[in-house]
Amino acid sequence: MNFSNTDISLARKLDAQDELASFRDEFLIDDPNLIYLDGNSLGRLPKCSINFMRNAIEEEWGKRLIQVWNDGWVNTPTELGAKIAKLVGAHPDEILVTEATSINLFKLAIAALQARPNRTEILSDEFNFPSDLYILQGIIDLLGKKHHLNLISSTDSISIDAEDIEKNINEKTTLVSLTHVAFKSAFMYDMKKVTEQAHKSGALMLWDLSHSVGAVPIDLNACKVDLAIGCTYKYLNGGPGAPAFLYVRRDLQKELSQPMWGWFAAEKPFDFDLNFTPASDIFRYRVGTPPMLSMKAIDPALDIILDAGMTRLRKKSIAQTEYLIFLADKWLNPLGFRLGTPRKAALRGSHVSLRHLESFRITRALIESHPPAIRVIPDFRAPDNIRFGITPLYTTFTEIHQALARIKIIVEDKIYEEYTNEQLAIT
Ligand SMILES: *Cc1c(COP(=O)(O)O)cnc(C)c1O
């Protein structure tokens, strides 16, 4: 994509031509002085979620009490699953909203390892989200240390070579567990190719979609993916700590067995039988009573994304990440920045990482600036990445321009030197 100049007028023109521009009004944006580029960690609040939740609390819980489950709440995890299925190319009965992403990985990875008892290798990469790696390490410990976790490393700290994956999959590989879009560099795997590589040697393939669902088009069925997990509070705007989702391909649902035999995983929970008989469908991957209030908030948020459509969202996301990279090349590379994200749009998700020796203090200066300076919220990821989440439902080209212009000033005027390297609890 070619941009003719770095003037703000170009950003305004791109906003004026943006067919998704009106979606920004669907979100609560109360501070015109704040540019939010962290929707890849916690999506903004959709305005419609406010009344939706008021109704869920006052009318549904408040007035209907226990009857609310039979009014429809009992179906919420699969109804939301069916909506997410449209975003990720799955059948409606292959996805369930339940627990946290980490817990779903625990359940599905154990299910996979137990389905291939004679194999001992788990393949992942050094880009994977640490929680995913910790869960896999914990599983190895729990199962008696029979398995070995093989982590593919990157040669350029930005991307992973598909050949390195292929070379490391063999007849001992049980499970290939990877994150589709890397949380730090935004590198995106070729899902189809890697899944095929896993299947060629008889391994099961699990994708973590936390940084790709709602950000890039995904087609789990077309790629013949076995298992997947993902977050709803990032690009899906489901709210802080909203429950996650899991996907199990239809033909595997009955074959695999997850390890947490809670009553909601049973065939007939309300028979209160003393012995566990697992459900034969996706319900077998549930555990206990779902956290309904946080789950409800996912619903109106998903409708907005479905309305915008993944094709249009991806098109705008690429245009915006390209624009950010264009401005960074012009303004920031001369100031010591370098790109920490693949240059090729097809290899990149919907965020951009810029690297600088002073990234931490620059991030603090961006977040803690006072008016009249504009405030910008990206996030910092060690050792030296500033991550800019592009969420095309509400990010504007003008905001990208203003944010990068602000970074330029912070570095040129050494404003970051007013801040220390002291770490905060959540960054
Ligand atoms: C955000 C994220 C998670 C978060 O897991 P939780 O259990 O919700 O805390 C897991 N995996 C990836 C790849 C993520 O980006």
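How do the residues of the lining of the largest cavity divide into nonpolar, polar and charged? They divide into six nonpolar, three polar and no charged. Here Ala, Val, Leu, Ile, Met, Phe, Trp, Tyr, Cys and Pro count as nonpolar, Asp, Glu, Lys and Arg as charged, and the others, Gly among them, as polar.

This is a predicted model, where local features need pLDDT of at least 70 and side-chain atom pairs count only at pLDDT 80 or more, while totals for chains, interfaces and linings use all residues. Residues are numbered from 1 along each chain as its sequence is written, and side-chain values use heavy atoms, with hydrogens and water left out.

The lining of that cavity consists of G214, Y235, N237, I305, L313, T391, P392, L393 and Y394. A cavity is a set of points on a 1 Å grid over the protein atoms alone where a 1.4 Å probe fits but cannot get out, and lining residues have an atom within 4 Å of a point.

Now the helices, which are DSSP runs of H or I with at least four residues, numbered from the N terminus. The axes of helix 11 (residues 310–332) and helix 13 (residues 397–412) come within 10 Å and cross at roughly 25°; axes are lines fitted to C-alpha atoms over the stretch in contact, with angles from 0 to 180 degrees between N-to-C directions. On the helix 11 side, the contact (heavy atoms within 4.5 Å) includes Y323 and W331, and on the helix 13 side it includes F397 and H401. By class, this contact has 12 nonpolar, two polar and one charged residues.

Note on methods. Helices (H or I, at least four residues) and strands (E, at least two) are DSSP runs, numbered from the N terminus. On a 1 Å grid over the protein atoms alone, a cavity is a set of points where a 1.4 Å probe fits but cannot get out, and a pocket is an open set with protein on both sides within 12 Å along at least five of seven lines; lining residues have an atom within 4 Å of a point.
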